[in-house]
Amino acid sequence: RCRCGSFWHKEIYPEQVWLDGLYMAQPFYMAYETRFDGLAHVADVVRQFQNARALLFDADKGLSYHACDTAKRQSWADAQTGRSANFWLRAMGWYLMALVDCIELLGPDKLYEHYRMLVDLFRESIRGLLRYQDAETGLFYQVIDRSDRSGNYLETSGSAMVAYAVMKAVRLGVLNDEKYLPLGEKAFRGLVDNKLTADAEGKLHLTDICKAAGLSDERDGSVAYYLSEPRVSDDSKGVGPFMMACAEYAQAEKNV
């Protein structure tokens with residue numbers, strides 16, 4: 001763990017907190033706590049989300065940076081804050097999915113103060129992120145706040161994650177349905193209309209998925225870096241969230 005109590009992102013990334021890592025661990029941790037451990041360590045789960053907010057959230061932008069090196073030793077880390085330099089869409093997507101899944105697992109009837117903390121963090125992040133939703137398609141850019149940058153593109157996996165998180169939060173009563181459901185559904189329909197294509201044989205493909213992105217000496221976290229990573233089709237990091245968003249969309253339509 002880092003000194004703040006958060007898990008290292010991976011053993012090869014010591015003292016680092018990445019938004020991706022919240023989804024890697026916290027929903028599983030919360031599931032264990034609610035099913036087998038009598039909620040004994042729910043505070044630890046919530047603290048790791050609070051740490052991510054303290055380390056990564058930019059109040060002016062309303063967004064969270066991809067990662068923080070709490071030791072401030074990595075070449076990509078700001079010397080004062082330890083933060084990486086930019087806001088990567090899929091990292092925000094992982095974070096939002098982790099929050100909404102943990103909110104569902106905990107529920108409002110057990111340890112309400114912890115439940116409310118997760119809800120507040122989720123709402124804050126959603127309000128910030130939706131400022132950057134593309135008005136025409138409902139999707140979001142690979143580097144969220146840099147729609148002005150040549151080569152930036154509306155990325156599929158992160159947009160699917162946001163669509164899933166928003167529609168699920170509406171279903172759980174965490175977000176107001178009249179205000180937020182149309183925004184989540186718009187993102188999903190934007191994927192169907194713009195990123196789901198058929199080949200000559202009629203087989204569907206999900207396009208414009210960022211293959212991978214990370215931070216290291218070679219991956220400096222610049223805008224140019226995030227835009228240099230390959231765009232692929234049918235990658236599981238896009239298809240999985242798309243299917244999850246599809247399920248939420250179907251439930252929302254059924255309940256209308």
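Start with Tyr115: it is buried, with a relative accessible area of 10% (buried means under 20%, exposed over 50%, partly exposed in between, with a 1.4 Å probe and protein chains only). A word on the ground rules: this is a predicted model, where local features need pLDDT of at least 70, side-chain atom pairs count only at pLDDT 80 or more, and totals for chains, interfaces and linings use all residues. Residues are numbered from 1 along each chain as its sequence is written, and side-chain values use heavy atoms, leaving out hydrogens and water.

Tyr112 and Tyr115 sit three residues apart in helix H4 (residues 112-129), so about one helical turn separates them. Helices (H or I, at least four residues) and strands (E, at least two) are DSSP runs numbered from the N terminus.

How many aromatic pairs does a search of the whole structure find? There are 11. In the one you have selected, the ring centres of Tyr112 and Tyr115 are 5.9 Å apart with planes at 35 degrees, so the pair is tilted. Rings of Phe, Tyr and Trp (its six-membered ring) pair if their centres lie within 6.5 Å; planes under 30 degrees apart are stacked, over 60 edge-to-face, the rest tilted.

Next, pick Trp88, Tyr225 and Tyr226, which form one aromatic cluster.

Leu111 isn't a glycine, yet its phi is positive, about 50 degrees. Most residues other than glycine have a negative phi.
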